[in-house]
Amino acid sequence: MTQDMVKPALNLMNFNPKLLQTFVLVAEHKSFRIAAEMTARSQSAVSAQVRELERQLGLALLHRTTRSVGLTPEGEELLNGARLALKEIEHSLRVINETAELRHGRVVLGCAPTIAASCGPTILATFERDYPNVKVFLREIASDGLLAALRDGSIDFAIAQAVPPEPDLLVDVLLQDPIVALAPKSIIPKPRRSISLEELSKLPLLHLAPATSMRQLFDAEMKKRGLPSPCKYDCLHSLTLLAMAEAGLGVAILPRSVLRLTASSQMTGIPIGPEKLVRSIALISRCDRALSPAAKRLADLARQVVLKGHRSFEDK
């Protein structure tokens, strides 16, 4: 070892981590040339950095010949420790970056109208409390437009009725939401355990708009059984249907989760049976587009709110 490599104990306060990164590249590839190409520097600059690291440590880390580069025992030990240290630093920087992104940013959530009405306020209020500087936009979109908005990037992710598997979509099913007949007492005065599709076909029905997936599910089930699907009025928003049913205009066909939006004693939610129509609620995102930290946090919160609201309603 030469005289200029002997040095007292390393002062970590003055240690340059770039020297360690350069050493790891040279050691892993056993080549100054490859390390130079990867860092867009000259071989002489890379060699100088490794020599400086050896000088600071007071140890030879590499065996150099005109044809090869090898590691000394001390170099092997440092390489193992350096890999772990750099991995920890990379993880810490990623956490810091994600934390910084949650201090600001923009997220667009797409929701089917029935889900926006029943879960949207809680999701937005909770997220706004925890991350006041992240701007969240809620877009209520009928099912036929949600997937198009997701694919063209207009929304970051969607909470809607589950769709069949498709190569470009991730569909995370959260829960099963039964469809019920919400009937005013003026039309069905006595409590009932269930009502059949055949009986419903003879009543004035209030439906969600034809573009909604739930309406399509109901109409398809009626068609399969050769039954007419009468519609006295249809609306895009569930709250409008609730108000119409409360006014005695007809029987509203809605998901059971929407019943939490009404406290009217004049309304009875009757399960449809024996067919038991059910819609699956899912969180849908794109396979080729990772959610930003803010969008991921909102998606996690949305899952919790949807599931918690469902359990609370089931317990009543």
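Mentor: Let us begin with Pro274, which sits in the loop between strand E10 (267–271) and strand E11 (278–286). Strands here are DSSP E runs of at least two residues, helices are H or I runs of at least four, and both are numbered from the N terminus. This is a predicted model, in which local features need pLDDT of at least 70 and side-chain atom pairs count only at pLDDT 80 or more, while totals for chains, interfaces and linings use all residues. Residues are numbered from 1 along each chain as its sequence is written, and side-chain values use heavy atoms, with hydrogens and water left out.

Trainee: What kind of peptide bond joins Gly273 and Pro274?
Mentor: The bond is cis, with omega at about 5°.

Trainee: Changing topic: at what angle do H1 and H2 pack?
Mentor: Helix H1 (residues 17–29) and helix H2 (residues 32–39) pack at about 130°, and their axes are 8 Å apart. H1 is therefore oblique to H2. Angles under 35 degrees count as roughly parallel, over 145 as roughly antiparallel, 65 to 115 as roughly perpendicular, and the rest as oblique.

Trainee: And which residues make the contact?
Mentor: H1 contributes Leu25, Val26 and His29, and H2 contributes Phe32, Ile34, Ala35, Met38 and Thr39; contact means heavy atoms within 4.5 Å.

Trainee: What lies in the loop between H1 and H2?
Mentor: Lys30 is found there. Its phi is positive, about 50°, although Lys30 is not a glycine.

Trainee: Why does Lys30 count as partly exposed?
Mentor: Because its relative accessibility is 49%. Buried means under 20% relative accessible area, exposed over 50%, and partly exposed in between, using a 1.4 Å probe and protein chains only.

Trainee: What about Ala40: buried or exposed?
Mentor: Ala40 is exposed, at a relative accessible area of 72%. This residue belongs to the loop between H2 and H3, and its phi is also positive, near 55°, in a residue other than glycine.

Trainee: How many residues does H3 have?
Mentor: Helix H3 (residues 43–57) has 15 residues. From first C-alpha to last, H3 reaches 21 Å, close to the 21 Å expected at 1.5 Å a residue; the expected span is 1.5 Å times one less than the number of residues.

Trainee: Which residues of H3 are buried?
Mentor: They are Val46, Ser47, Gln49, Val50, Leu53, Glu54 and Gln56.

Trainee: And what comes just after H3?
Mentor: Gly58 follows, with a positive phi of about 75°.

Terms used:
Axes fitted to C-alpha atoms, helices over the stretch in contact; angles between N-to-C directions.
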